Amino acid sequence: QLQASGGGLVQAGGSLRLSCVGSRRFSNNAMGWFRQAPGKEREFVAAISWNGGSTNYGDSVRGRFTISRAYGQTTMYLQMNSLTPEDTAVYYCAAGRSSFGGRNSPWDYWGQGTQVTVSS
């Protein structure tokens, strides 16, 4: 129901764009990105409302990452710039329970992850 792609290996300072394709049932749901590095807890990265009009970001990525989504669409993107080795993680996309979501919102639906590796 949620399919993430676009991960890969990139040098520090580089960019990557992740994509997440969701089923139509999520057209009125918030969607978001999370990541988990080895040995660390899952971390909130970014979230976007159902219409793309409201976004919020985790502190560690704000200003470098941009989440986007067209109005009512279920394809979501994460443009990641100025990557650092600390961004290395498996990135997961998720759909929320309601139309707006954030760090502490319930995220009920999860896709498989895509690996992002940033070399120094």
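Analyst: Happy to; we will take the labels in turn, setting values against definitions. This is a predicted model, in which local features need pLDDT of at least 70 and side-chain atom pairs count only at pLDDT 80 or more, while totals for chains, interfaces and linings use all residues. Residues are numbered from 1 along each chain as its sequence is written, and side-chain values use heavy atoms, with hydrogens and water left out.

User: What makes Cys20 and Cys93 a disulfide?

Analyst: A disulfide is a pair of cysteine sulfur atoms within 2.5 Å. The sulfurs of Cys20 and Cys93 are 2.3 Å apart, so the pair meets that rule. The count by this rule is 1 disulfide. Cys20 sits in strand β3 (residues 16-22) and Cys93 in strand β9 (residues 89-96), so the bond links distant parts of the chain, 73 residues apart. Strands here are DSSP runs of E, at least two residues long, numbered from the N terminus.

User: Why is the disulfide of Cys20 and Cys93 called right-handed?

Analyst: Because the torsion about its S-S bond is about 65°.

User: How do you know whether Cys20 is buried or exposed?

Analyst: Buried means under 20% relative accessible area, exposed over 50%, and partly exposed in between (1.4 Å probe, protein chains only). Cys20 has 0% relative accessibility, so Cys20 counts as buried. Cys93 is buried too, because its relative accessible area is 0%.

User: Which strands pair in the open sheet, and in what order?

Analyst: The order is β1-β3-β8-β7, with antiparallel pairing. Two strands pair if DSSP finds at least two bridges between them. Between β3 and β8 (residues 75-80) there are 6 bridges, so that pair qualifies; β7 and β8 have 5 bridges, so they qualify as well. Cys20 stands opposite Met76 in β8, and Ser68 faces Tyr77 of β8.

User: What makes β1 and β7 edge strands?

Analyst: Each of them, β1 (2-5) and β7 (65-69), pairs on one side only.

User: Why does the phi of Ser82 get a mention?

Analyst: Most residues other than glycine have a negative phi. Ser82 is not a glycine, yet its phi is positive, about 50°. Ser82 lies in the loop between β8 and β9 and is partly exposed, because its relative accessible area is 41%.

User: Why is Asp59 called exposed?

Analyst: Its relative accessibility is 60%, so Asp59 counts as exposed. Its salt-bridge partner Arg62, with the closest N and O atoms 2.9 Å apart, is partly exposed because its relative accessible area is 47%.

Terms used
Helices (H or I, at least four residues) and strands (E, at least two) are DSSP runs, numbered from the N terminus. A salt bridge is a side-chain nitrogen of Lys or Arg within 4 Å of a carboxyl oxygen of Asp or Glu.
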